[in-house]
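Here are some exercises to work through with the structure open beside you. Try each task before you read its solution.

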Amino acid sequence: MTAVIKKAGYEAIWATVRKLVSFTREDLCVELGKEFGNRVNEHTVKSYLQRLTLAGHLSSTDEPIGNGTAVRHHYTLIKDTGVVAPRLNDDGQPTRLGTKQAAIWRTIRILKRFTGQQIVVAGSTDEVPLNLTSVQEYISHLVAAGYLICSRHGCRQNGPAEYRLLPDRNTGPKPPKVTHTRSVYDRNLDQVVYTQPAEVEV
């Protein structure tokens, strides 16, 4: 496994928001800096706090600075939806980016032994409908990365594949992310856990 350089992305910001509960943006950046050093982008922090506020996760009040007329925002967490960071657009509306993988991974962790069709049925919602093609594609990456094994020979020829989640690969609630390079990045471990081998011309 190849370690990656940690950066203060949305997941880290959300985790720190949940830790502090009541804070200013400066407080948040200082806390993030304890882990990420100079890899804290203040614009990213500011943008995400604005989105969380628009979405109703945070309330914001103005706090005077010194004796002047300047103010700064003081935030309070009022809607905590769990460890997975809310994915929001600039208007604070939920975006579906990554939500299908989250739904598939959540269902895999619940069922532990399953077929692709069972994931479709158990994991689909009105907001995030799943289809067998996308489920099977994500499952194939998790198999390659060592999270799942095929537990039924029928997965080759004689019926629907049945898979099993390996207990030591149930790394946490954040779904392993398949990157644009087809690598698998585990946000629970902060590691790239699988890189697709390069094709070799013969």
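**Exercise 1.** How many residues does helix α3 have, and how far does α3 reach from its first C-alpha to its last?

*Solution.* A note before we start: this is a predicted model, where local features need pLDDT of at least 70, side-chain atom pairs count only at pLDDT 80 or more, and totals for chains, interfaces and linings use all residues. Residues are numbered from 1 along each chain as its sequence is written, and side-chain values use heavy atoms, without hydrogens and water.

Step 1: find residues 42–54, which make up the 13 residues of α3. (Helices are DSSP runs of H or I with at least four residues, strands are E runs of at least two, and both are numbered from the N terminus.)
Step 2: the reach is 18 Å, close to the 18 Å expected at 1.5 Å a residue; the expected span is 1.5 Å times one less than the number of residues.

**Exercise 2.** Find which residues of α3 are buried (under 20% relative accessible area; exposed is over 50%, partly exposed in between; 1.4 Å probe, protein chains only).

*Solution.* Step 1: the buried residues are V45, S47, Y48, L49, R51 and L52.
Step 2: their cover includes α1, β2, α2, β3 and β4.

**Exercise 3.** Which residue's side chain meets that of E31 in a salt bridge?

*Solution.* Step 1: apply the rule, a Lys or Arg side-chain nitrogen within 4 Å of an Asp or Glu carboxyl oxygen.
Step 2: the partner is K19, at 2.6 Å, N to O.
Step 3: E31 lies in helix α2 and K19 in helix α1, 12 residues apart.
Step 4: E31 is buried at 17%, whereas K19 is exposed at 58%.

How values were computed
Contact means heavy atoms within 4.5 Å.
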